[in-house]
Amino acid sequence: MEKGKLIVLSGPSGTGKGTICRELLKTGEMDLSISMTTRQPRTGEKDGVHYYFVSREQFLKTVEEGGLLEHAEIYGNFYGTPRAAVLEKLDKGRDVILEIEMQGAVQVKKSYPDAVLIFILPPSLEVLRGRLTGRGTETEEQISARSSQALSEIHRIYDYDYSIVNDSLRDAVSDVKAIIRAEHLRVGAGSEALVRKYEEEE
Ligand code: 5GP
């Protein structure tokens with residue numbers, strides 16, 4: 001069976017990655033990896049749905065046991081991708097999306113070179129700041145930290161396989177779908193079975 005694709009969506013905070021992910025999940029054709037974090041749940045966030053909310057001790061123990069595919073510390077909190085859940089889904093042929101920040105994305109590519117890294121960009125830094133303010137979940141101080149971080153992150157675009165400017169949600173979602181489709185059509189290890197089929201026919 002063809003393995004699923006590991007799709008990593010990342011980019012500066014406030015670029016709309018979360019919304020793109022939610023739209024992609026509606027297709028029912030892919031699964032979202034649920035991350036582990038030490039940050040406090042925000043209003044409405046549920047354990048096991050939005051994140052696995054854990055203590056620092058639990059998180060560090062999981063890292064030590066090799067239980068995370070990647071992890072990073074962001075604004076004083078730890079975030080990481082549970083390894084086993086992701087690999088199991090890929091083995092079953094499911095495409096898995098990781099919505100993670102950039103340090104993590106690079107780690108994933110190193111340990112899983114078949115991963116497809118997609119960089120989501122805001123139409124402009126001004127739009128990005130506006131989105132963060134509108135979200136109402138971050139303080140002024142956090143918004144200004146995240147906004148100045150954005151430009152230095154944009155310089156790291158070359159670590160990625162694809163980039164999408166999220167100007168229109170509809171277009172961005174359809175671009176991600178097109179990338180995933182193209183990745184499934186890529187000639188690679190999976191092509192052996194295809195070649196065999198023709199050989200058997202001869
Ligand atoms: P938030 O606290 O707003 O939910 O997330 C902060 C940042 O952490 C976002 O950029 C989000 O994409 C990233 N993030 C969420 N889960 C993970 C993860 O498992 N690993 C890494 N490296 N980043 C994550």
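View 1. The model is predicted: local features need pLDDT of at least 70 and side-chain atom pairs pLDDT 80 or more, while totals for chains, interfaces and linings use all residues. Residues are numbered from 1 along each chain as its sequence is written, and side-chain values use heavy atoms, with hydrogens and water left out. Two elements, α7 (169–185) and α8 (191–201), each give two or more residues to the lining of this second largest pocket; α8 contributes the most, with three residues. (A pocket is an open set of points on a 1 Å grid over the protein atoms alone where a 1.4 Å probe fits, with protein on both sides within 12 Å along at least five of seven lines; lining residues have an atom within 4 Å of a point.) The space in the second largest pocket comes to about 510 Å³, and its lining holds seven nonpolar, five polar and six charged residues.

**View 2. The largest pocket has a volume of about 1300 Å³.** Its lining is made up of 45 residues, with Lys17, Arg42, Tyr51, Glu99 and Arg135 closest to the centre. Two or more lining residues come from each of α1 (17–25), β5, β6, α4 (102–111), α5 (125–135) and α6 (140–154). The largest share, six residues, belongs to α1. By class, the lining of the largest pocket has 14 nonpolar, 17 polar and 14 charged residues.

**View 3. The ligand sits in the largest pocket** (more than half of its atoms lie within 2 Å of the grid points). Strands β5 (68–74) and β6 (77–82) are the elements that give two or more residues to the shell around the ligand (strands are DSSP E runs of at least two residues, helices H or I runs of at least four). Among the 16 residues around the ligand, Ser35, Arg39, Tyr51, Tyr79 and Glu101 come nearest (a heavy atom within 4 Å). The shell consists of five nonpolar, four polar and seven charged residues.

**View 4. Tyr79, Gly80 and Glu99 each place a polar atom by an oxygen atom of the ligand.** For Tyr79, a polar side-chain atom is 2.5 Å from a ligand oxygen. Gly80 has a polar backbone atom 3.0 Å from an oxygen atom of the ligand, and for a polar backbone atom of Glu99 the distance to a ligand oxygen is 3.3 Å. The ligand on its own has 510 Å² of accessible area, and the protein covers 93% of that area (Shrake-Rupley method, 1.4 Å probe).

How values were computed
A polar contact is a pair of N or O atoms within 3.5 Å; within protein, one must be able to donate a hydrogen and the other to accept it, and residues adjacent in sequence count only if both atoms are side-chain atoms. Ala, Val, Leu, Ile, Met, Phe, Trp, Tyr, Cys and Pro count as nonpolar, Asp, Glu, Lys and Arg as charged, and the others, Gly among them, as polar. Grid points are joined across faces, edges and corners, and a volume is the space filled by probe spheres set on the points.
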